Amino acid sequence: MKKVIHRAGTRGHSDHGWLDSYHTFSFADYHDPERIHFGALRVLNDDTVAGGEGFGAHPHDNMEIVSIPLEGELRHQDSMGHTSVLRTGEIQVMTAGTGIIHSEFNNSPNRPVKFLQIWIFPDQHGLPTRYEEITLAPARTNELRTLVAPEGNGSEHTAWIHQSAWFHTLDLERNTYEYAMRREGNGLYVFVLEGDVTVENEKLASRDGMGIWEQNDITLHTDGKASLLLIEVPMR
């Protein structure tokens with residue numbers, strides 16, 4: 001087994017007034033040559049946007065972009081003609097592919113919106129652009145909930161991306177969960193949303209992250225409560 005641990009306090013941080021953002025991996029002005037990516041996981045940003053503010057229209061290409069709202073409402077517009085408001089319990093996926101322009105704004109004039117912005121390298125370049133928005137299945141304590149899967153591997157409550165990658169949430173309460181890797185050669189990145197958890201004998205706290213690879217079964221345990229995001233990705 002190989003592992004890497006990223007403590008919450010070691011993340012990159014950008015405070016622009018309207019945007020308060022923490023970067024698990026190198027992003028914008030934050031650069032750490034030891035933290036460029038974890039396999040196909042390129043970006044994991046923990047963003048808070050002030051009321052009425054947001055990211056104006058800007059381009060992307062050749063990336064799978066996943067947005068997961070944690071609190072508040074996120075208003076989306078893109079060059080494919082999509083306009084929507086994303087809320088907690090929903091997930092947004094974009095294939096930037098050959099090129100897309102989009103904006104993401106806080107839909108409230110006075111309350112912050114908090115969300116995770118995650119980028120995954122696609123399994124090929126030059127893909128047609130696409131947008132998908134999914135209402136997630138209800139979360140159940142001590143049960144894995146799948147948010148994202150490869151095409152053809154999910155359900156009506158699962159978004160899909162062009163990569164052999166899976167996103168799950170796990171609300172663990174005084175229990176142990178054994179995670180089995182979905183694909184040989186993949187690694188698992190554990191991001192702690194809330195609480196404390198022990199992953200393969202390593203203690204993690206809120207907003208800590210840990211990547212594990214070259215191991216197919218991974219043990220997660222808490223004596224209290226922990227809310228986790230699990231991202232399984234190819235390592236090469």
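I started with Ile-91, which has 0% relative accessibility and therefore counts as buried. The model I am reading is a predicted one.

I looked up where Ile-91 sits and found it in strand E9, residues 90-95. I then listed its contacts, setting aside neighbours within four places in sequence. Val-66, Ser-67, Ile-68 and Leu-86 are among them, and so are Glu-132, Glu-133, Ile-134 and Leu-136. The list also includes Leu-147, Val-148 and Ala-159.

Next I consulted the UniProt record, an unreviewed entry, which places "domain: Pirin N-terminal" at residues 12-120. In the model, I find that this span is 60% strand and 0% helix. Its end C-alpha atoms are 19 Å apart.

I turned to the aromatic rings and counted six aromatic pairs. I took Phe-55 and Phe-115 as one case: the ring centres are 6.4 Å apart and the planes meet at 85°, so I log the pair as edge-to-face. Phe-55 belongs to strand E5 (residues 54-60) and Phe-115 to strand E11 (residues 113-120), so this pair ties together parts 60 residues apart in sequence. I also checked the exposure of Phe-115, which is buried because its relative accessible area is 1%, under the 20% cut-off.

I noted one aromatic cluster, formed by Phe-25, Phe-38, Tyr-189 and Trp-213.

Last, I looked at Trp-160 and found Arg-130 over the face of its ring, 3.6 Å from the ring centre.

Notes. Residues are numbered from 1 along each chain as its sequence is written. This is a predicted model: local features need pLDDT of at least 70, side-chain atom pairs count only at pLDDT 80 or more; totals for chains, interfaces and linings use all residues. Side-chain values use heavy atoms; hydrogens and water are left out. Helices (H or I, at least four residues) and strands (E, at least two) are DSSP runs, numbered from the N terminus. Buried means under 20% relative accessible area, exposed over 50%, partly exposed in between (1.4 Å probe, protein chains only). Contact means heavy atoms within 4.5 Å. UniProt positions are given in the numbering used here, feature names are shortened, and annotations may be inferred rather than shown by experiment. Rings of Phe, Tyr and Trp (its six-membered ring) pair if their centres lie within 6.5 Å; planes under 30 degrees apart count as stacked, over 60 as edge-to-face and the rest as tilted. A charge sits over a ring if NZ of Lys or CZ of Arg is within 6 Å of the ring centre and within 35 degrees of the ring normal.
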